[in-house]
Amino acid sequence: MIVNARIEKLIEILTNKGISDSRVLQAIRVVPRDKFVAPGMEHKAWEDQALPIGYGQTISRPSSVALMTQHLNINRNDRILEIGTGSGYQAALLCELGAQVFSIERIKELSLKAQKTLNALRYHCIFKIGDGTLGWQQYAPFDGIIVTAGAPVTPDTLMGQLKNGGRLIIPVGNKRNEQILTLYVKKDDGFESQEIDTLSFVPLIGRKGW
Ligand code: SAM
């Protein structure tokens, strides 16, 4: 199958799984996922699969990435904090949607590789190597925060760095390999929360993680 046909097949899978935001689907079309997977894995880049990226970590499956991105409901120039840069694919999608992206990764080698990939594709994102469970106070408050690793509980630090009306999407649960994808929306008088789906992410490791 030629690449465009593979991409459209993936778009069809995502649509069947309930991804309806045309901006998110268009960003998935445009961002070349094959540039973010490990060498030798390019032929699997357009399948709805998580793939290894080294250091025991993964690039998440496109349907999970699309679902989380859809729930962030991004507007142009929104300030979005991502915890878990990994390959940089999610960060590139957020840039493609016009967000100002701040992304934290705890594994230096992954962050440096992701920075190279995004630079080569001309996506501008601000990166940090460190423990994302503490957030990034210097650039807070954020319109949205996306956590791409599974947390035992929702870090209060991240909730405290959201704007009013801001959205936090995070997989949470007391099992290391299965979480409930949860959306929090900050209101004047607290947080509204909604459980979206059951997913499986690698663990969020840090002061406010595992
Ligand atoms: N968003 C990534 C992408 O598009 O490729 C996928 C991320 S992978 C599922 C989760 C990432 O979170 C891993 O790279 C892992 O090292 C990172 N991680 C885990 N705990 C972290 C923490 N406390 N701070 C920052 N990154 C963390």
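Where is the place of proline 141? Proline 141 sits in a loop, between strand S5 (125-129) and strand S6 (142-147). Keep in mind that this is a predicted model.

Why stop at that loop? Most peptide bonds are trans. The bond that joins alanine 140 and proline 141 is cis. Its omega is about 5 degrees.

Next, phi angles. Most residues other than glycine have a negative phi. Here are two that go the other way.

Take asparagine 73. It is not a glycine, yet its phi is positive, about 50 degrees. You'll find asparagine 73 in the loop between helix H3 (62-72) and strand S3 (79-83). Is asparagine 73 exposed, partly exposed or buried? Its relative accessibility is 41%, so it counts as partly exposed.

Now arginine 122. Again, not a glycine, and again a positive phi, this time about 65 degrees. Arginine 122 belongs to the loop between helix H5 (108-120) and S5. Its relative accessibility is 66%. Exposed means over 50%, so arginine 122 counts as exposed.

Last stop: serine 60. Look in the loop between strand S2 (57-59) and H3. Is serine 60 buried or exposed? The cut-off for buried is under 20% relative accessible area. Serine 60 has 16%, so it is buried.

Which residues does serine 60 touch, leaving out those up to four places away in sequence? They are Arg33, Gln49, Ala50, Val65 and Phe201.

Key:
Residues numbered from 1 in each chain as written. Predicted model: local features only at pLDDT ≥ 70, side-chain atom pairs only at ≥ 80, totals over all residues. Heavy atoms only, no water. Helix = DSSP H or I, 4+ residues; strand = E, 2+ residues; numbered from the N terminus. Buried < 20%, exposed > 50% of the residue type's maximum accessible area, 1.4 Å probe, protein only. Contact = heavy atoms within 4.5 Å.
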